[in-house]
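Here is a short briefing on a ligand and the pocket around it. Have a look at the model first, then read on.

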Amino acid sequence: MRTVVCPGSFDPFTYGHLDVVRRARALSDRVIVAVAQNAAKSTLFSIAERLELARITIESAQLTSVEVREAPGLLTEFCAQMGAEHIVKGLRNGADLDGELPMALMNRAISNVETLFVLGDPQLSHIASSLVKDVARHGGEIHGMVDPVVEAKVRSALAAQEEK
Ligand code: PNS
């Protein structure tokens, strides 16, 4: 059974991420969506919330053999624990590749996990978690970019943040 890991900070999980998970599933028997910590980012949602939002999106898309798990430490160690042969990441553009390349090379240098890159649907290439939050923060429309439950949670989390 070929298992692959789709890692990310998923703050929150978007339809762009869902597209990548679908493509990873088509290449494998089992996909583990690994919700991890990116040391360079601070998040709107807690790890428990990010797990929940990814699970909700995947459940409503009715994807089978896709699990959502927390990857608390080093991603390569998580891959070894899960018996995953590959990491699968999506690319929207050259900037994504610039960001992903050092991580993929580092992960390969410290383990034998290769990263496979899939090209996301160009119709979704405007979607990024950071931009979704920014648009919502300024009252813009994020419908069609995230699951409706995620949309509502983004709005309530931003409202709670503003009250502080
Ligand atoms: O969605 P992101 O923020 O681009 O995902 C980056 C992520 C979370 C996959 C990366 O920061 C990561 O792998 N974090 C886990 C800790 C780790 O293994 N760090 C070394 C990466 S080379």
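**The pocket and its ligand**

By class, 22 nonpolar, 18 polar and nine charged residues make up the lining of the largest pocket. Here Ala, Val, Leu, Ile, Met, Phe, Trp, Tyr, Cys and Pro count as nonpolar, Asp, Glu, Lys and Arg as charged, and the others, Gly among them, as polar. This is a predicted model, in which local features need pLDDT of at least 70 and side-chain atom pairs pLDDT 80 or more, while totals for chains, interfaces and linings use all residues. Residues are numbered from 1 along each chain as its sequence is written, and side-chain values use heavy atoms, with hydrogens and water left out.

**Pocket lining**
- Among the 49 lining residues, Pro 7, Gly 8, Ser 9, Lys 89 and Glu 100 lie nearest the centre of the largest pocket.
- Helix H4 (94-110) provides the largest share of this lining, nine residues; helices are DSSP runs (H or I) of at least four residues, numbered from the N terminus.

**Ligand shell**
- The ligand is surrounded by 14 residues, with Ser 9, Gln 37, Asn 38, Lys 41 and Leu 75 the closest (a heavy atom within 4 Å counts as near).
- The shell divides into six nonpolar, six polar and two charged residues.
- H4 gives the most to the shell, three residues.

**Polar contacts (N or O pairs within 3.5 Å)**
- A polar side-chain atom of Ser 9 is 2.6 Å from a ligand oxygen atom.
- A polar backbone atom of Gln 37 lies 3.0 Å from a ligand nitrogen atom.

How values were computed. A polar contact is a pair of N or O atoms within 3.5 Å; within protein, one must be able to donate a hydrogen and the other to accept it, and residues adjacent in sequence count only if both atoms are side-chain atoms. Helices (H or I, at least four residues) and strands (E, at least two) are DSSP runs, numbered from the N terminus. On a 1 Å grid over the protein atoms alone, a cavity is a set of points where a 1.4 Å probe fits but cannot get out, and a pocket is an open set with protein on both sides within 12 Å along at least five of seven lines; lining residues have an atom within 4 Å of a point.
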